[in-house]
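My notes follow the order in which I looked things up.

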Amino acid sequence: MAAIGYPSGEWDGTTTMRAQGYLRALAEWDLEAPEDLLVSTRYLHRADGAAAARQLLALPEPPDALLCCNDLLALGALKVAHEQGLAVPEDLAIVGFDDIEDGRYSHPSLTTISPDKAQIAALAVERLMRRLRGEDAEPTEFVANYQLAVRASTVG
């Protein structure tokens, strides 16, 4: 499995945490991530996902699965897979992160890691209200709940 959107030093925050999760998961299975399977992107857009997928699929031993740090990267990779005549998920499984609406309507629909957006929104509103009342102006780190939304890009 390869990773697209791997931080190159410019990214921090959620992208770094997602990449660390990928590496931790591999380590739990006693697997390593060869450097050529960790592709950094300048941005987290569809075009960057497409460019990274082209790079990975051109390898002498291309990966059979792609974990993308967001759904936009995954949608770009999905387009390249179709352009190269690959069947998704039979030849190449693709997973994104964020559960954007476009992923539910792509063909095939995109498996994604879905953060609890209602939880994130509620916390953001609560923090904003506290700040407006002058109660708490300190930044707070929060890790949202999430679930895997399994769709056709990994199970056919």
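I count two strands as paired if DSSP finds at least two bridges between them. The model I am reading is predicted.

Strand pairing. By that criterion I looked up strand 3 and strand 4 (residues 93-97), which run parallel and are joined by three bridges. I noted V95 in strand 4 as the bridge partner of L67.

Faces of strand 3. Which residues of strand 3 point one way, and which the other? I found A65 and L67 on one side and L66 and C68 on the other, and all are buried. In a regular strand, side chains alternate between the two faces of the sheet.

Nonpolar cores. I listed 25 residues in the largest nonpolar core; I4, L56, L66, C68, A77 and I94 have the most contacts inside it. At least two residues each come from strand 1 (2-4), helix 2 (46-57), strand 3 (65-68) and helix 3 (71-83). Helix 3 contributes the most to this core, with seven residues. Apart from this core I noted another, of six residues, including Y22, L38, L67 and V95.

Contacts of A77. Setting aside neighbours within four places in sequence, I found A77 in contact with I4, G49, A50, A53, L66, C68 and I94.

Terms used. Residues are numbered from 1 along each chain as its sequence is written. This is a predicted model: local features need pLDDT of at least 70, side-chain atom pairs count only at pLDDT 80 or more; totals for chains, interfaces and linings use all residues. Side-chain values use heavy atoms; hydrogens and water are left out. A nonpolar core is a set of buried Ala, Val, Leu, Ile, Met, Phe, Trp, Tyr and Cys residues joined through side-chain atoms within 4.5 Å. Buried means under 20% relative accessible area, exposed over 50%, partly exposed in between (1.4 Å probe, protein chains only). Helices (H or I, at least four residues) and strands (E, at least two) are DSSP runs, numbered from the N terminus. Contact means heavy atoms within 4.5 Å.
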